[in-house]
Amino acid sequence: MRFEDQRQIMVKELKAAGIGDPSVINAFLAVPREDYVLPEYRDYAYRNQPLPILYNQTISQPLMIAIMMQLLELKSTDVVLDIGTGSGYQCALLAEIAQEVCSVERIESLSLSAQKVLRQAGYKNIYFRIGDGHTGWQKAYPAHKSFNKIIVSAGAESIPERLVDQLAEGGIMLIPVGASSSQVLNKIQRVNNEVIITHNCACSFVPLVNEESLSR
């Protein structure tokens, strides 16, 4: 079966699972997931499951990405901070909707590989930083101080304060929080300069590594 047909089937499955945001659906229809997986896994690209990528990382399950994107309430004017570039698949999905995507990846070779694929795909609204995701968008171009939306594709033991500090008024952040075996997707909103946290579904992501703790 052609990849295009498999993509259509995957999107039907996302709709059946409760994904109804038209912009999210259109993004999943537009982005070829097979371009963001390792060659040996291309035949599995449209299974609703995470897949291994380089450096013992994973490309997330499509349904989990779709749930997070829908909860973000993305708009075409949004500037989005994406923590965990990975293979670049989620970057591409976000860039289909948002005005700008600023993506952080701590593994340099993984970031450079994703940048190459995304350039070849023609995206011009994605910017990159190589560094610790806990610190967000620091010393990077464009010089954004805050973001309308923040999405974290790794599990944190607790919510990083520096990421919350970069959430704009009226903004939304999605982050998995908890031990590796029992993470919960947290939705964080800044309303009238107050931080409101709600808990959503259970999930399982690779750990959000803190470079500061590694260097101690």
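Two residues are in contact when heavy atoms of theirs lie within 4.5 Å. By that criterion, among the contacts in the chain with a separation of 6 or more, 53% are between residues 24 or more positions apart. The model described here is predicted.

**The chain as a whole**

The chain holds seven helices and nine strands. Its radius of gyration is 16 Å, close to the 17 Å that the globule rule gives for 216 residues, so the chain is as compact as a globular protein of that length. The C-alpha trace spans about 50 × 35 × 35 Å along its principal axes. Of the 216 residues, 51% count as buried. The accessible surface of the chain is about 10,400 Å², and carbon and sulfur atoms account for 48% of that area.

**The largest pocket**

Rolling a probe the size of a water molecule over the atoms shows where empty space is left. The largest pocket has a volume of about 540 Å³. It is lined by 31 residues, and those closest to its centre are Gln57, Thr58, Ser153, Ala154 and Val206. By class, the lining consists of 15 nonpolar, 14 polar and two charged residues. Several elements of secondary structure each supply at least two residues of this lining: the strands β2 (58-59) and β4 (100-105), and the helices α3 (62-72) and α4 (89-95).

**Two residues in their surroundings**

| Residue | Element | Relative accessible area | C-alpha to C-alpha distance |
|---|---|---|---|
| Glu108 | helix α5 (residues 108-120) | 47% | 5.9 Å to Ile130 |
| Tyr127 | strand β5 (residues 126-130) | 22% | 11 Å to Ala143 |

Is Glu108 buried or partly exposed? With a relative accessible area of 47%, Glu108 is partly exposed, because buried means under 20% and exposed means over 50%. Glu108 and Ile130 are 22 residues apart along the chain, and their C-alpha atoms are separated by 5.9 Å.

Tyr127 is part of strand β5. Its relative accessibility of 22% places Tyr127 in the partly exposed class. In sequence, Tyr127 and Ala143 are 16 residues apart. Which residues is Tyr127 in contact with, leaving aside its neighbours within four places in sequence? They are Glu100, Val101, Cys102, Ser103, Trp137, Tyr141 and Pro142.

Terms used. Residues numbered from 1 in each chain as written. Predicted model: local features only at pLDDT ≥ 70, side-chain atom pairs only at ≥ 80, totals over all residues. Heavy atoms only, no water. 1 Å grid on protein atoms, 1.4 Å probe; cavity = no way out; pocket = protein on both sides within 12 Å on 5 of 7 lines; lining within 4 Å. Points joined across faces, edges and corners; volume = space filled by probe spheres on them. Helix = DSSP H or I, 4+ residues; strand = E, 2+ residues; numbered from the N terminus. Nonpolar A, V, L, I, M, F, W, Y, C, P; charged D, E, K, R; others polar. Rg over C-alpha atoms; globule rule 2.2 N^0.38 Å. Buried < 20%, exposed > 50% of the residue type's maximum accessible area, 1.4 Å probe, protein only. Areas by Shrake-Rupley, 256 points an atom, 1.4 Å probe, with all protein chains shown as cover.
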